[in-house]
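Me: I am new to this structure. Please walk me through how to read its features.

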Amino acid sequence: MESHGACVIKTIFNFLLSIFTMLFASKYNSPKIMKTILIKNPLAVATMNDNGAEFSGGHILIEDSIIKSIGTEALDIPADEIIDASDMVITPGFINTHHHLYQTLTRNIPLMQDQPLFPWLTNHYEVWREITTEAIQVSTQIGLLELLKSGVTTTSDHLYLFPAQASPELIDTEIEAARALGVRFQPTRGSMSLGKSKGGLPPDDVVQTETEIQKDTERLVAKYHDTSPGAMIRISLAPCSPFSVTQKLMKQTALYANDNQLQVHTHLAETLDEEKFCLETLGQRPVGLMQELGWLTDNSWYAHAVHLNDAEIKIMGQNQVGVSHCPSSNMRLGSGIARIRELLDAGVKVSLGVDGSASNDSSDMLLEMRNAMLISRLREKQYWLTARNVLRMATRGGAAALGRDDIGELSVGKQADLALFDMGGLSQAGSLSDPVSSLIFTTRRGSVDYLIVQGQIIFNSEQSHVDEAKLIEKQNRIAVEMIQQAQSRTGIDFLNHNSK
Ligand SMILES: [Zn+2]
């Protein structure tokens, strides 16, 4: 017979054992609880898979961050979230491959509204040199919100401006903003080392030394670059253009990127002025120069690529390079019409970029797709792009240009990055004979209805997530201050259309 004391000790022991077992089991033994989203009966799904499959009805099942099941058969199972998509077109989330988010602060400034690239750049540099950490923080959020409301789930950004008076850690600030909004982000560590005194276009106090650039590149890669599938942050490297850094830095950048499995990016063949500058100062056309610098590789992607000859298109295809087509910017600056049909036929990985808001004034990927389709039709019929061509550029093309194979399509095992658009609006009335192309042919007002990134609904048109009014007020205040400061420092009248 047990004593009373022994009985109490045994009871306490059993109680503690049961607590321990419960805690241990919950941490190590119990199956992980999956979060599921079931999308039912869609109006149309454009999978952008290898066969370009599309269907209507059926389902998409998301489990955690991954597409678990997709198909035409109806699925009626419990899920954490169920979305009735009977009025919606579903596409992979769009991938924007070229932007300068800080430029949302400098849209349509009167003096630069009607200028082509070089004077447009020289004048903008005087305003951009006023950028601060707060300016980057606010303008990045504004640009990202615009992008995600147009269906973007992944974006790149090209920040190459590091004014002496600002913090050198501006890309860290951008990353924070992207993380807070839940968008997948591939910022590029931009750079400029040739200021005016060394023959470049920008003022000397917005460029850095090449040692500073290299050191900060290493810091960012070590701190943020995530090579794992489904990564939310990846760093790429992007000298502003082959003329804003030395050839030595261009070569070093390519070698460092190869050694560290990074993508490289820059502007290329944007205008005829650039071609002329290149021929006169370097005796080379832009693509020839890039080849000599070791940049025509399958981990590179170029913004614009407008002025290319047949041989250049061929060699870019042979080397599997990527291109970010920016039709709105090319029209706004009168740069020209890129030869996209030929680039696609040559095997170049063609993607789409909205480009900075000082040369587009908008960050809307649906508009960019529409403009890509329309501008191609200013050429002969054989070069026209279809709605599906530009949709593929904004999804699979974007993934390929950024060096990823886990996003850009709706297939089992891929990342659950989706955009859902309700097609019941005024501008879509009468367009539902082909709901997928309606997204591009018609001008859809209003935001995406659901945006899913990594299996999380990061935007839902019925809920507000950010205090937009406060953000817009801040952005407008900073934009005015930057122009006023630049104006009083330089004496340039930025608000006058007719100043030089
Ligand atoms: Zn650009």
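**Sheets, core and a loop**

Reply: Start with a sheet: six strands form an open one, in the order β3-β2-β7-β16-β17-β18, with mixed pairing. Its edge strands are β3 (54-55) and β18 (456-460), and each pairs on one side only. This is a predicted model: local features need pLDDT of at least 70, side-chain atom pairs count only at pLDDT 80 or more, and totals for chains, interfaces and linings use all residues. Residues are numbered from 1 along each chain as its sequence is written.

Me: What counts as a strand, and what counts as a pair?

Reply: Strands (E, at least two residues) and helices (H or I, at least four) are DSSP runs, numbered from the N terminus. Two strands pair if DSSP finds at least two bridges between them. In general, strands of a sheet pair through backbone hydrogen bonds, either parallel or antiparallel. Take β17 (residues 450-453) here: four bridges join β17 to β18, and the two run antiparallel. Tyr450 has Asn460 in β18 as its bridge partner.

Me: Which strands make up the open sheet of four?

Reply: The order is β5-β4-β1-β6, again with mixed pairing. β5 (66-71) and β6 (81-84) each have a single partner strand, so one side of each is left without a neighbour in the sheet. Strand β4 (residues 59-63) is joined to β5 by five bridges, antiparallel. There, Ile60 stands opposite Ile70 in β5.

Me: How do I read the loop between β5 and β6? Is Ile77 buried or exposed?

Reply: Count C-beta atoms, placed from the backbone, within 10 Å of the residue's own: 20 or more others means buried, 12 or fewer exposed, in between partly exposed. Ile77, in that loop, has 10, so Ile77 is exposed. The C-alpha atoms of Ile77 and Ala311 are separated by 55 Å, and the two are 234 residues apart along the chain.

Me: Which residues touch the most other members of the largest nonpolar core?

Reply: In soluble globular proteins, nonpolar side chains tend to be buried together. A nonpolar core is a set of buried Ala, Val, Leu, Ile, Met, Phe, Trp, Tyr and Cys residues joined through C-beta atoms within 7 Å. The largest one here has 132 residues, and Met369, Val390 and Leu420 touch the most other members. Helix α3 (residues 133-149) gives the largest share, eight residues. Domain 1 (32-93 + 421-466) and domain 2 (94-407), with bounds from an automatic or database domain assignment, both contribute, so the core lies between them.
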